[in-house]
Amino acid sequence: MSFALTILGSSGALPAFGRFPSSQYLTIQNQHFLIDCGEGAQMQLMKYKIPVHKINRIFISHLHGDHYLGLMGLLFSMHLQKRVNDLYLHAPKGLDEIILLQLKYSKSTLSYTIRFHLFDPEQPTTLFENEAVSVETIPLLHKLPCAGFLFREKQKPFKLDKEKLLPSMKLQHLALLKTGADVYDESGKLLYQNSDFTLPPAPSYSYAYCSDTAWNEKMIDQLKKY
Ligand SMILES: [Zn+2]
């Protein structure tokens with residue numbers, strides 16, 4: 001599945017039997033994201049057989065404990081499992097101090113590097129973008145600075161209609177058709193009309209994670225674009 005969400009926990013701050021505080025695991029086209037990391041998230045990651053070593057980005061919405069108190073244990077487990085890849089940690093300012101203090105007093109040096117990307121939850125900001133996906137913050141209204149996250153797949157390539165392709169087509173022509181463009185020769189003459197040789201791209205999906213918030217009308221404009 002190229003776009004899949006696993007809810008690891010959705011409970012509030014106080015313990016509830018059989019439920020876990022906020023944490024979600026999202027995969028988009030073989031990219032692996034963890035969103036919030038409440039207590040017990042590691043147990044849930046194991047339960048669902050999630051490949052933790054593939055998680056390269058963690059997004060923390062705010063600094064209430066039910067959204068990040070599972071993080072330190074997870075970071076230490078990654079160290080014990082000899083992780084080497086950098087881990088990108090997107091969070092409001094302050095989480096860096098919390099983590100570095102615990103590392104300091106446990107005299108720990110992790111086997112991998114944490115790259116902190118601290119953001120201001122009050123401003124919509126693009127946190128991450130590559131050829132397949134973008135992630136931006138959604139400002140929320142809460143007792144602490146708090147942001148949700150909007151994950152958005154970019155448009156996927158057009159599919160080549162193999163039955164209609166011609167032997168005369170070169171690789172660069174096929175590459176152009178996949179982008180949705182028509183193909184012209186050097187003199188500007190139309191060689192291949194895109195719609196004659198392609199099928200529409202697979203649909204692109206988006207997912208908005210809005211954790212703790214009061215009603216916030218401003219959110220509507222940001223979300224309805226998608
Ligand atoms: Zn909260």
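**Reading the domains, strands and sheets of a predicted model**

Student: Which domains does the domain assignment give for the protein chain?

Tutor: Domain bounds come from an automatic or database domain assignment, and for the protein chain that assignment gives domain 1 (3–156 + 202–224) and domain 2 (159–199). The C-alpha centres of domain 1 and domain 2 lie 41 Å apart. This is a predicted model, in which local features need pLDDT of at least 70 and side-chain atom pairs count only at pLDDT 80 or more, whereas totals for chains, interfaces and linings use all residues. Residues are numbered from 1 along each chain as its sequence is written.

Student: What radius of gyration does the protein chain have, and what would a compact globule of 226 residues have?

Tutor: The radius of gyration is taken over C-alpha atoms, and the globule rule is 2.2 Å times the number of residues to the power 0.38. For 226 residues a compact globule would come out near 17 Å, but the protein chain has 22 Å, and its C-alpha trace spans about 70 × 45 × 35 Å along the principal axes.

Student: How many helices and strands are there in the protein chain?

Tutor: Helices (H or I, at least four residues) and strands (E, at least two) are DSSP runs, numbered from the N terminus; the protein chain has six helices and 14 strands.

Student: Why is strand β3 largely enclosed by the rest of the structure?

Tutor: A residue is buried if 20 or more other C-beta atoms lie within 10 Å of its own, exposed if 12 or fewer, and partly exposed in between, with C-beta atoms placed from the backbone. Strand β3 (residues 31–37) is largely enclosed because five of its seven residues are buried.

Student: Which strands are joined to β3 by bridges?

Tutor: Two strands pair if DSSP finds at least two bridges between them. Strand β2 (residues 23–28) runs antiparallel to β3 and is joined to it by six bridges, with Y25 opposite L34 in β3. Strand β4 (residues 55–59) runs parallel to β3, with four bridges between them, and here H32 stands opposite I55 in β4.

Student: In what order do the four strands of the open sheet stand?

Tutor: The order is β7-β8-β9-β14, and the pairing is antiparallel. The edge strands, β7 (126–129) and β14 (206–209), each pair on one side only. Three bridges connect β7 with strand β8 (residues 133–139) in the antiparallel sense, and V135 in β8 is the bridge partner of F128.
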